[in-house]
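Keep the viewer open and try each task before reading its solution.

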Amino acid sequence: MEGRMRPYLPELTIRDYNTYLWYLRGVRWQMRRSYGFYSCRLLQHNGVLFALLADSLAGRSATCVNQRLPGTLCYRQMMCQTQGIRLAAQVEVMMGWHKLQDRRWDELPLRSQLFRAVDHALLRRAYEKAVSENPALERLFGQEQAQAVVQMNLNAKNYGVAAEPMSNIYGALYSTLATDDPSQRKSMRYIGSCIGRVFYLLDKASRVEKDRKVGRYNVFLVNGINEKDAAMENARRQALAAANDLVRAYGMLDVKLNKSLIDNIMILGLRHAVDPLDAGNQPVRWELP
């Protein structure tokens with residue numbers, strides 16, 4: 001469950017940058033308030049996009065307030081509680097918890113096993129609370145894990161079949177962010193499926209050498225690709241095709257608020273995650289507060 005959807009900074013306006021930052025702080029504050037301080041370490045930025053999409057597609061304007069940042073004495077502007085932000089906090093906690101389960105204990109060095117044990121002990125209560133608040137979301141994760149086990153046991157060679165479990169769960173997650181309009185839900189499900197496929201391919205390509213050493217299933221290994229560079233090239237080629245499909249479906253959405261920011265994340269941000277757009281792959285970092 002790797003992968004992060006972030007804005008592409010060089011093409012982001014200051015107004016959109018601030019909006020993204022306010023939502024990021026709002027999701028972090030919600031996680032701290034609802035699930036405890038330690039849950040904030042699970043923040044992977046996907047939840048910020050979930051909150052933005054949920055509020056923007058429904059046309060819900062969030063209120064920016066001055067709140068104390070979790071774990072600090074500093075007060076910063078952030079978006080206050082909205083339905084999208086609460087959902088984003090739940091998604092972040094559940095996705096973070098299930099990410100801890102992606103690696104077997106015997107594949108980890110002793111140091112990582114120790115950190116994993118600490119994370120399990122301190123995050124279990126937050127995870128159980130999120131599940132009690134949104135059991136339907138947890139069922140999605142359970143179904144995805146069961147499907148992934150089936151594909152591993154079958155040693156699926158087809159890339160589309162191997163990526164199907166993650167595509168399905170992202171499709172289901174994104175469809176819950178849409179309004180009651182059936183066409184919008186269909187578009188959002190397809191968009192989520194494309195994003196899930198992109199993340200799966202890139203994640204598996206980056207792990208190909210580690211999976212080969214421990215004898216773990218990897219769709220690239222099954223297809224005879226044993227080197228990381230070759231796997232990444234193959235993954236980028238397929239991921240770019242999925243990203244292009246996403247753009248076509250995204251054009252059919254009716255985004256009522258924050259359209260320029262969401263355009264940046266969904267089009268340029270995803271494209272940059274697949275194949276960096278910066279000259280020489282040099283990251284751009286803004287020094288704004």
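**Exercise 1.** Why does Leu-122 count as partly exposed?

*Solution.* Bear in mind that this is a predicted model. Start by locating the residue: Leu-122 lies in helix H4, which covers residues 110–133. Next, take its relative accessibility, which is 49%.

**Exercise 2.** Find the salt bridge between Lys-259 and Asp-263, and work out how far apart the two residues are along helix H11.

*Solution.* First, check the contact: the N to O distance is 3.1 Å, and the cut-off is 4 Å. Then count along helix H11 (residues 259–274): the two residues are four apart, which means that about one helical turn separates Lys-259 and Asp-263. Lys-259 itself is partly exposed, because its relative accessible area is 42%.

**Exercise 3.** Are Arg-207 and Asp-203 buried or exposed?

*Solution.* Begin with the pair itself: Arg-207 and Asp-203 form a salt bridge, with their closest N and O atoms 3.1 Å apart. Both residues are buried. Now turn to the salt bridge of Lys-256 and Asp-254, at 3.5 Å from N to O. Here Lys-256 is partly exposed at 46%, and Asp-254 is partly exposed at 44%.

**Exercise 4.** Which element gives the largest share of the lining of the second largest pocket?

*Solution.* The volume of this pocket is about 450 Å³. Among the residues closest to its centre are Asp-102 and Arg-216. Helix H5 gives the largest share of the lining, with six residues.

Conventions
Residues are numbered from 1 along each chain as its sequence is written. This is a predicted model: local features need pLDDT of at least 70, side-chain atom pairs count only at pLDDT 80 or more; totals for chains, interfaces and linings use all residues. Side-chain values use heavy atoms; hydrogens and water are left out. On a 1 Å grid over the protein atoms alone, a cavity is a set of points where a 1.4 Å probe fits but cannot get out, and a pocket is an open set with protein on both sides within 12 Å along at least five of seven lines; lining residues have an atom within 4 Å of a point. Grid points are joined across faces, edges and corners, and a volume is the space filled by probe spheres set on the points. Buried means under 20% relative accessible area, exposed over 50%, partly exposed in between (1.4 Å probe, protein chains only). A salt bridge is a side-chain nitrogen of Lys or Arg within 4 Å of a carboxyl oxygen of Asp or Glu.
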